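This briefing goes through a single protein chain, moving from its overall make-up to selected contacts. Please keep the sequence and the structure in view while reading the points that follow.

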Amino acid sequence: MAQNCLKCLKYIMCFANLLCFLCGVAVLILGVYMTVSFRMAALTPTLASFTVSNMLLVSGIVITCVSFLGFLGALKENRCLLLTFFLLLFFLMLVELTAACLLLMYEGEIATMVNDDLTKGLELAKGKTGNSTMSEWDYVQVKLDCCGVHNWTDWGVSVPHSCCLDDCGTPKPKYREKGCLVTLKTLFEDNFLTTGISVIVLCIIEVLGMCFAMTLFCHISRSGLGYKL
């Protein structure tokens, strides 16, 4: 009976980690695609390392490495790999919970930092039509239907064509009313519940992964199977 439970648990862990590995590869590919196709670093020069594409790249690498470790540990019934998998999941869960708490505690400071960085990026883009910085602002302003950091007046006398709702050649062109900072904040608030649920589900999956890994580790230890530590 114990051997059957061990095999069942082993194959469940292998299958679950294989799915996680494939998801990690998909996230990694998406991160590479966004890095190549959508260059957003110039919008926030100081926070250039914290772009969505970079986050996806890091997440994809972590998911693929950890899930491969769990898959190999379960398949080979290696106690050392299973214990490492357990410790990595525990560490990742602590990092995620700490990051979530810090975001909630320092929400105001982070908003101020983003505001200052967007203003800095806009100042760099002023009067430089055709450069990479300007093209990134054009892309964001068209896609998010916004203009400038707070409104179109942030651009001064050099308002780009991406801010215009109609022909910019008219004497009094109509500009997009909302600033990109407000639009980004609204976008974040609209997806706050989805993000929170995703973090909770991810933590539950990690706890289940730790339980499975430790259970399989204990079964192998009691049965005297697998590689020794």
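Two residues are taken to be in contact when heavy atoms of theirs lie within 4.5 Å of each other. The model is a predicted one. With that definition in hand, aspartate 154 can be said to touch Leu122, Lys126, Gly148 and Val149, leaving aside residues up to four places away in sequence.

**Overall make-up**

- The secondary structure of the chain amounts to 7 helices and 0 strands, and the order along the sequence reads α-α-α-α-α-α-α.
- Of the 229 residues in the chain, 30% are buried, where buried refers to a relative accessible area under 20%.
- Among contacts between residues at least 6 apart in sequence, 70% join residues that are at least 24 apart.
- The chain has an accessible surface of about 14100 Å², and carbon and sulfur atoms account for 71% of that surface.

**Surroundings of aspartate 154**

- Aspartate 154 is located in the loop between α5 and α6, and the residues that it touches include Leu122 and Lys126.
- The C-alpha atoms of aspartate 154 and glutamate 123 are 8.8 Å apart in space, while the two residues are separated by 31 residues in sequence.

**Helices α3 and α4**

- Two packed helices are described by the angle between their axes and by the distance between those axes.
- For α3 and helix α4 (residues 107–125), the axes come within 5 Å and cross at roughly 80°.
- Angles of 65 to 115 degrees count as roughly perpendicular, and α3 and α4 are therefore roughly perpendicular to each other.
- The contacts between these helices involve Leu103, Leu104 and Met105 on the α3 side, which meet Glu107, Glu109 and Ile110 on the α4 side.

**Nonpolar surface patch**

- A nonpolar patch on the surface is formed by Leu102, Leu103, Met105, Tyr106 and Ile110, which together have about 480 Å² of accessible area.
- Helix α3 (residues 79–105) supplies the largest share of this patch, namely 3 residues.
- Leucine 102, one of the patch residues, lies in helix α3 and is partly exposed, because its relative accessible area of 42% falls between the 20% limit for buried and the 50% limit for exposed residues.

**Salt bridges**

- The count of salt bridges comes to 2, when a side-chain nitrogen of Lys or Arg has to lie within 4 Å of a carboxyl oxygen of Asp or Glu.
- Arginine 176 forms a salt bridge with aspartate 145, in which the closest N and O atoms are 2.7 Å apart.
- Both arginine 176 and aspartate 145 are placed in the loop between α5 (132–144) and α6 (180–190), and this pair, 31 residues apart, also links distant parts of the chain.
- Arginine 176 counts as buried at 12% relative accessibility, whereas aspartate 145 is partly exposed, with a relative accessible area of 42%.

Note on methods: Residues numbered from 1 in each chain as written. Heavy atoms only, no water. Patch = residues over 30% accessible without salt bridge, like charges linked within 9 Å, V, L, I, M, F, W, Y side chains within 5 Å. Areas by Shrake-Rupley, 256 points an atom, 1.4 Å probe, with all protein chains shown as cover. Helix = DSSP H or I, 4+ residues; strand = E, 2+ residues; numbered from the N terminus. Buried < 20%, exposed > 50% of the residue type's maximum accessible area, 1.4 Å probe, protein only. Axes fitted to C-alpha atoms, helices over the stretch in contact; angles between N-to-C directions. Parallel < 35°, antiparallel > 145°, perpendicular 65-115°, else oblique.
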